[in-house]
Amino acid sequence: MLRLSVFSALVAIATFGATLGAAGQAMAFDDKVFDDKTGVKPQSSPWAVFQFGFSAYKNGRKEQAAEAYKYAAENGQIGATWKLARMYAEGDGVERDDYAAFKFFSEIVDQDVEPGSPEESYVSDALVALGDYLRKGIPGSPITENEVAAQEYYMRAAANYRNPNAQFEMGQIFLNGKGGVKASIKQAGRWFQLAAEKGHAGAQATLGNLLFQSGKIVRGLAMMTAALERASPSDQPWIRGMQEEAFAAAGEADRRTAISLADDILTKGGSDQ
């Protein structure tokens with residue numbers, strides 16, 4: 001889920017520090033914005049501090065990274081706010097605090113970031129994160145379960161930023177009729193297809209199951225089989241259960257054809273849509 005490609009140049013700086021010359025340059029850069037005893041130096045450039053935070057994080061100095069990100073976030077660096085949110089959400093270098101993460105994500109979505117902006121990925125991801133939190137609530141915090149509010153965040157991310165995770169969630173909402181939404185397989189399929197076209201394994205598997213249930217046995221089973229190969233470890237169990245149930249119900253000839261088609265889907269990298 002991490003969207004750090006915009007910082008590829010910073011990665012190069014961090015890795016190039018293996019040489020003595022580069023190490024000296026890195027130390028000089030650190031000295032300009034950060035002091036090991038006092039932290040971020042006053043009046044430091046927020047962008048330079050953000051760069052330092054990224055370098056510190058990549059080198060395992062996560063406490064320094066968090067301090068640098070806080071300074072950069074307080075001074076308008078939306079990427080730093082996103083990194084802090086993710087660190088608190090995952091307990092990565094800081095004590096896990098979902099409510100703190102929720103507040104940081106909220107700060108991001110409150111920014112006036114237009115679709116197509118270089119910073120849109122931060123807003124898109126933050127919208128999905130807020131939807132996830134509101135769908136379940138955060139124990140011990142003021143954030144309670146609110147499926148209607150969660151749906152609004154998912155819809156913003158799905159429609160405005162074309163986020164495949166949000167599109168998958170919208171598919172689930174329409175499939176199951178959650179949050180006051182009337183169940184509609186047609187609408188669910190539309191959202192699943194949009195996410196599937198972007199490589200979302202869960203959407204590909206669910207759409208494949210819908211096709212299988214509608215009588216498109218080979219195509220549906222092939223999509224579920226391909227999705228299982230692409231799925232993350234956390235999604236593999238439920239996708240495998242869905243695929244194995246369909247596989248057991250299909251005839252031998254359909255199984256063989258579906259396996260061949262699944263190989264084609266994986267080779268082409270698409271969703272057969």
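Me: I take a salt bridge to be a side-chain nitrogen of Lys or Arg within 4 Å of a carboxyl oxygen of Asp or Glu. How many salt bridges does the structure hold?

Reply: Side chains of opposite charge can pair when their charged atoms come close. The structure holds eight salt bridges. This is a predicted model, in which local features need pLDDT of at least 70 and side-chain atom pairs count only at pLDDT 80 or more, while totals for chains, interfaces and linings use all residues. Residues are numbered from 1 along each chain as its sequence is written, and side-chain values use heavy atoms, with hydrogens and water left out.

Me: What is the mean pLDDT of the protein chain?

Reply: The mean pLDDT (the predictor's confidence in each residue, from 0 to 100) is 88 for the protein chain. Of its residues, 86% reach 70 or more. Residues 1–29 have pLDDT below 50. Beyond near neighbours in sequence, that stretch has 31 contacts in the model (heavy atoms within 4.5 Å).

Me: Back to the salt bridges. Which residue forms a salt bridge with E90?

Reply: The partner of E90 is R86, and their closest N and O atoms are 3.7 Å apart. Both residues lie in helix α5 (residues 78–90); helices (H or I, at least four residues) and strands (E, at least two) are DSSP runs, numbered from the N terminus. E90 and R86 are four residues apart, about one turn of the helix.

Me: Is R86 buried or exposed?

Reply: R86 counts as buried because its relative accessibility is 10% (buried is under 20% relative accessible area, exposed over 50%, partly exposed in between, with a 1.4 Å probe and protein chains only). E90 has a relative accessible area of 46%, so this residue is partly exposed.

Me: Which residue forms a salt bridge with E252?

Reply: E252 pairs with R256, the closest N and O atoms being 3.6 Å apart. These two are four residues apart in helix α14 (residues 252–268), so about one helical turn separates them. E252 is partly exposed, at a relative accessible area of 46%, whereas R256 counts as exposed at 53%.

Me: Which residues do salt bridges that share partners join into one network?

Reply: That network consists of R86, E90 and D125. D125 is found in helix α7 (residues 120–136). With a relative accessible area of 2%, D125 is buried.

Me: At what N to O distance do the side chains of R96 and D98 meet?

Reply: R96 and D98 meet in a salt bridge at 3.3 Å, N to O. R96 is exposed, because its relative accessible area is 54%.

Me: Now the rings. How many aromatic pairs does the structure hold?

Reply: There are eight aromatic pairs in the structure (Phe, Tyr or Trp rings, using the six-membered ring of Trp, with centres within 6.5 Å; planes under 30 degrees apart are stacked, over 60 edge-to-face, the rest tilted). Among them is the pair F34 and F52, whose ring centres are 4.6 Å apart and whose planes meet at 25°, so the pair is stacked. F34 sits in strand β1 (residues 34–35) and F52 in helix α3 (residues 46–58). The two residues are 18 residues apart, and the pair links distant parts of the chain.

Me: Is F34 buried or exposed?

Reply: F34 is buried, at a relative accessible area of 6%. F52 is buried too, at 1%.

Me: Which residues form one aromatic cluster?

Reply: W47, F50 and Y69 form one aromatic cluster.
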